[in-house]
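Hi everyone, thanks for coming.

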Amino acid sequence: MTALRERAIVSLRSAPSLPRHVRIQYDPVRQAFAVLSPEKVFWPNEISLDILRRCDGRSTVERIIADIAADYDSDPEDVAADVIAFLQEWSDKLLVKL
Amino acid sequence: MNAPLLPPIGMLAELTHRCPLQCPYCSNPLELLKANHELDTQTWLDLFSQAADLGVLQVHLSGGEPTLRRDLEQLIAGLSARSVYTNLITAGVGIAEGRIEAFAEAGLDHLQLSFQGARPATTDRIGNHRGSHEKKLETARRARAAGLPLTINAPVHRHNIEEVPEFIDLALSLDAERLEIANVQYAGWALANRDRLMPDLAAVNRQADIVTAARERLAGIMNIDFVTPDYFAVYPKPCMGGWARDAFMVAPDGTVLPCHAAQTIPSLRFERFGDRRLAEIWADSPAFSAFRGTDWMQEPCRSCERREIDWGGCRCQAMAIAGDAAATDPACIKSPIHKRMAMLTDAAQAAPEGNESFIFRRIGATTPRDARTDHGPR
């Protein structure tokens, strides 16, 4: 058993990005943003989309949390757990790179 | 009333039936089309453009072996220009120098590579092609070197089910981020070879445990998709995500089909792209309307709480085993002939071993009449 990669764990200093095989795209037919991946198409809700769009490989998780909190007019501490859980879930599915 | 008409999301384009391999479970129809029946470049490009207009977001470029089309780069570029996600499904044998890089350059998003075995001898034997395993390894390396994300696809049956742990190691060693452990679906060539391919229950259960454990262990490292074996199932799969619901396929000659095996249902009438526009075929072609939604269902599907979960399962399997395409998929425990699935798997265990007895996939190897011998009522 040779695991060449390891499971990535979200930290506040991670700078998440979308891997090459995943992209966000506006679909004019359904008038919604789709996330395209090898076999699946996802239709993220507004807040998921706001997180994913900030996964640019430069913004840290800490920064993303602050931005989301500002956008939704809430306390960063209140959104932190949700953002981290979301990113961990998407990383575990290899849809987000940490 | 029938279900509302949704735009399709996915399209499987079988660009050609030509293939260097002869896998005895090929999902192509028994009557393979020769090269002179294939659509030309411009017709495929028109079709892709109409598909994008209609709402298709992903196109799977398949075959046969799609890289045998010399215009594949052009087709990928055409899809890419329309922002359609492209997935190349290849056997990875005999791809000329520089082409994988050219596919990547043209905008290919993802490459799926099949392995008939995790061991060279198995791959070479099942595909009936000596040296194919080595060539596939090389294709995987070239794809990763070109920056392409990689899925390894492992079609599983009696002759390689014990290699599942090795398939997992192989996919990891090739730096794939996705592995499909796909139990063979018994339609087309696989139905013709069912008795020679069907695994036994003990092997199926071992496999399920191995995959479950590996999925947990490899979370965040490699995704494993598990296509479970229908003949050992309790409930059927939502075949194609529901008939004519969000996906379709196109045969090399432009015939637009609701699924791979739809042509095994004799009552259906199919239409070809070119004779009509894709949007019209999707909306009201008789073959697409036949089993769309739930109105066509009989009992026990009609009143079943799962009717919009699995959409009645596979119509072609219902045809093949129950002799009625509108019957409940016999994979379902609620099917009155569900027990026949177990009888068929038992019967298969008595069949002879070895590839001497395979009907290998090739033009003229069999006729539909030979291969559709089944134990169900006609």
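Okay, let's start with helix 2 of chain B: its buried residues pack against helix 1 (41-54), strand 2 (58-62), strand 3 (85-90) and helix 3 (99-106) of chain B. Before I go on, a word on what you're looking at: this is a predicted model, where local features need pLDDT of at least 70 and side-chain atom pairs count only at pLDDT 80 or more, while totals for chains, interfaces and linings use all residues. Residues are numbered from 1 along each chain as its sequence is written, and chains are lettered from A and ligands numbered from 1 in the order in which they are written.

Helices (H or I, at least four residues) and strands (E, at least two) are DSSP runs, numbered from the N terminus. Two residues are in contact if their C-beta atoms, placed from the backbone, lie within 7 Å. And a residue is buried if 20 or more other C-beta atoms lie within 10 Å of its own, exposed if 12 or fewer, and partly exposed in between, again with C-beta atoms placed from the backbone.

So, which residues of helix 2 (residues 72-81) of chain B are buried? They are B:Leu72, B:Leu75, B:Ile76, B:Gly78 and B:Leu79. These residues cover an arc of only 160° around the axis, which puts them on the same side of helix 2 of chain B; the arc is that of the directions from the helix axis to the C-beta atoms. Just after this helix, B:Ser83 takes a positive phi of about 60°.

Now over to strand 2 of chain B. Five of its five residues are buried, so strand 2 is largely enclosed by the rest of the structure. B:Gln58, B:His60 and B:Ser62 point one way, B:Val59 and B:Leu61 the other way.

Who sits beside this strand? Two strands pair if DSSP finds at least two bridges between them. Strand 1 (residues 10-14) of chain B pairs with strand 2 of chain B in the parallel sense, over five bridges, and there B:Met11 has B:Val59 as its bridge partner. Strand 3 of chain B also runs parallel to strand 2 of chain B, joined by four bridges, and B:Val59 is partnered there by B:Thr86. B:Met11 has a bridge partner in strand 8 of chain B as well, namely B:Phe248; strand 1 and strand 8 (residues 247-250) of chain B run parallel, with four bridges.

Zoom out, and chain B has an open sheet of ten strands in the order 7-6-5-4-3-2-1-8-9-10, with mixed pairing. Strand 7 (223-227) and strand 10 (271-272) of chain B stand at the edges with a single partner strand each, so one side of each is left without a neighbour in the sheet.

Chain A has a sheet as well: an open one of three strands, order 1-2-3, with antiparallel pairing. Strand 2 and strand 3 of chain A pair over two bridges, and A:Leu36 has A:Val41 as its bridge partner in strand 3 of chain A.

How do the chains meet? The contact takes 24 residues from chain A and 24 residues from chain B. On chain A, strand 1 (23-27), strand 2 (32-36) and helix 3 (76-92) each supply at least two residues of the side that touches chain B.

The peptide bond from B:Gly63 to B:Gly64 is cis, with omega near 10°, and B:Gly64 has its place in the loop between strand 2 and helix 2 of chain B. Another cis bond goes from B:Glu299 to B:Pro300, with omega near 5°.

And here's one for you: is A:Asp73 buried or exposed? A:Asp73 counts as exposed, because it has 6 C-beta neighbours inside 10 Å. Its phi is near 55°, a positive value in a residue other than glycine, and A:Asp73 is found in the loop between helix 2 (61-71) and helix 3 of chain A.
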